[in-house]
Amino acid sequence: MLRAAATILRKDLLLELRTKEAVPAMTLFTITVYVLFHFGLDRNALDGDLASGVLWVTLLLAAVIGVTRLFAAEREQGGIDALLLAPVDRTALFLAKASALFLFLVAVELVAVPAYDLLLLGPGLGGTLPELLVILLLANLGIAAVGALVAALAAETRTRELIVPLLLLPLLLPLLISCAQATEPLMRTDQGPEDLGRWLGLLTLYDVVFVLVSVAVFDFLLED
Amino acid sequence: MTWLAAPALPLDEAGKYVAAAYVVFLALILIYVAIMAAKLVRIDRELTQLAEEDE
Amino acid sequence: MFSKGLAPLAIATVVTLTAAFALVFFYAPLDADQGFVQKIFYIHVPMAIVALGGFVAGGIFGIRHLRSGDAAWDLRSYVAIHLSIILGLGVLVTGAIWAKASWGHYWVWDEPVLVSFLVVFLLYCVYFPLRFAIEDPERQARYSSVFAITAGAFVPLNFTAVRLAEALTHPRVLSQTGGDLPGEMRLTFLVALAGMILLFVTLWKLELTAKHAAMQLKKLRRRRAERREAVPA
């Protein structure tokens with residue numbers, strides 16, 4: 001099963017490397033949204049809870065784009081039928097898609113987070129970078145699991161582009177809460193983590209629950 | 001046991017809001033039942049029609 | 001099939017709800033802090049509890065549906081969620097009335113239960129566009145069950161997260177924890193809750209019966225149409 005997952009993952013990554021559709025779009029989107037916030041909030045620099053909120057909301061919105069695109073290749077070239085006919089364990093498909101989304105998010109954040117530091121963040125990231133990285137990693141895990149599930153749920157609907165944000169964003173709310181609250185003290189002018197354990201705990205719980213739920217339930221999707 | 005005297009419906013500020021809340025609740029139930037009733041009527045009508053066609 | 005026990009349930013509902021209303025207005029004492037306005041609590045909170053229970057039940061029925069493949073479970077799940085959405089709307093409206101009466105604003109972010117409820121409500125609203133955007137009926141049922149399960153798992157997580165977030169920034173303003181209620185209030189609350197549960201189950205069975213009847217009717221019509229086509233005039 002793991003080998004099947006790896007094969008599908010490799011196919012998706014190669015496809016993305018060749019077509020460069022999802023990741024550049026997501027990255028460009030986050031930077032554009034930073035600019036929007038600059039003008040919308042009429043601020044040159046953000047700190048504290050405002051900084052934390054803007055960063056995470058932007059990342060979540062970018063994730064919506066990634067999720068909508070997650071099964072795009074299969075849909076456009078009819079590959080989904082081939083996948084389903086082959087004796088591939090649905091769990092392998094889930095692992096592959098979730099991992100792809102995870103890696104896409106990492107790629108986007110490699111640019112988006114430094115860009116944020118440059119454009120909007122008042123106090124630099126500097127000392128609190130390790131904590132931020134942990135939060136980002138745990139967040140990506142949760143987004144990947146829920147995102148793959150939502151992508152599959154929406155894959156067979158006619159109104160895919162509408163359903164994905166409507167489904168994904170509420171489901172990600174506990175994740176957003178944990179991440180925003182955890183990041184907020186890291187972005188204050190007198191920075192330092194605070195209550196990090198509590199929020200990381202909630203975030204981990206969220207990740208565990210949704211990975212389990214997604215794996216359990218994925219078998220019933222994309223069946224035919 | 002503290003029994004209130006009559007449930008004076010105070011027509012002051014508070015009473016209006018409490019009444020509004022309970023009215024909302026009742027309205028939801030009644031609208032729901034009305035919709036169900038309408039559906040029932042339609043089903044009954046169609047069934048009668050079917051029975052008539054069948055002879 | 002679904003209507004077993006509907007009549008006695010309906011009677012029990014009417015009796016319990018009437019008793020509850022009588023208790024609320026004739027028996028329960030006035031709250032020291034909020035006065036008469038506090039009486040909204042006996043409608044608002046039971047509705048919230050039952051709506052959440054309905055959502056979770058929808059998820060459980062979804063699990064039964066996926067395991068058995070029996071469409072009856074999907075119907076039970078659909079109706080439970082449908083009813084809970086309606087109740088949820090009632091929760092938000094009565095919550096807004098309570099907020100306005102207590103704090104002068106129709107909406108307060110300080111009340112974690114209300115905020116969590118808004119999120120859950122928004123999520124479950126997507127159930128219907130999702131469901132009806134899938135054309136194949138069997139797939140529609142299956143995906144709906146998947147959604148019901150996922151959303152059901154989401155509800156407790158959401159409440160925990162929102163409560164944690166609000167606890168740090170704002171003190172709970174409308175805290176009505178069951179444990180703190182004096183005896184008379186608690187009794188009234190429990191009767192109101194029981195009434196609300198009975199109401200939900202009664203309306204649930206009612207809607208199930210109506211939908212089932214409509215489906216049977218459609219099946220009958222279809223079969224007669226097919227039979228008429230099969231036999232050349």
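**View 1. Helix 7 of chain A passes helix 10 of chain A in a left-handed crossing.** A crossing is termed left-handed if the near helix is turned anticlockwise from the far one by less than a right angle, and right-handed if clockwise. The model is predicted: local features need pLDDT of at least 70 and side-chain atom pairs count only at pLDDT 80 or more, while totals for chains, interfaces and linings use all residues. Residues are numbered from 1 along each chain as its sequence is written, and chains are lettered from A and ligands numbered from 1 in the order in which they are written. The axes of helix 7 (residues 129–155) and helix 10 (residues 196–218) of chain A come within 9 Å and cross at roughly 25 degrees; the two helices are therefore roughly parallel to each other. Axes are lines fitted to C-alpha atoms, for helices over the stretch in contact, with angles from 0 to 180 degrees between N-to-C directions. Angles under 35 degrees count as roughly parallel, over 145 as roughly antiparallel, 65 to 115 as roughly perpendicular and the rest as oblique. Helices (H or I, at least four residues) and strands (E, at least two) are DSSP runs, numbered from the N terminus. Ala, Val, Leu, Ile, Met, Phe, Trp, Tyr, Cys and Pro count as nonpolar, Asp, Glu, Lys and Arg as charged, and the others, Gly among them, as polar.

**View 2. A:Asp42 lies in the loop between helix 2 (22–41) and helix 3 (48–68) of chain A.** Phi of A:Asp42 is near 55 degrees, a positive value in a residue other than glycine. A:Asp42 is exposed, with 7 other C-beta atoms within 10 Å. A residue is buried if 20 or more other C-beta atoms lie within 10 Å of its own, exposed if 12 or fewer, and partly exposed in between, with C-beta atoms placed from the backbone.

**View 3. Helix 2 of chain C packs with helix 3 of chain C at an angle of about 160 degrees, their axes 8 Å apart.** Helix 2 of chain C is thus roughly antiparallel to helix 3 of chain C. The residues of their contact divide into 15 nonpolar, twelve polar and three charged. Helix 2 of chain C passes helix 3 of chain C in a left-handed crossing.

**View 4. The contact between chains C and A takes 25 residues of chain C and 24 residues of chain A.** Two residues are in contact if their C-beta atoms, placed from the backbone, lie within 7 Å. On the side of chain C that touches chain A, helix 6 (137–169) is one of the elements that supply at least two residues, and the largest share, 16 residues, comes from helix 6 of chain C. By class, this side of chain C has 20 nonpolar, three polar and two charged residues.

**View 5. The contact between chains C and B takes 28 residues from chain C and 23 residues from chain B.** The largest share of the side of chain C that touches chain B, nine residues, comes from helix 7 of chain C. This side of chain C divides into 20 nonpolar, four polar and four charged residues. Chain B has one helix and zero strands.
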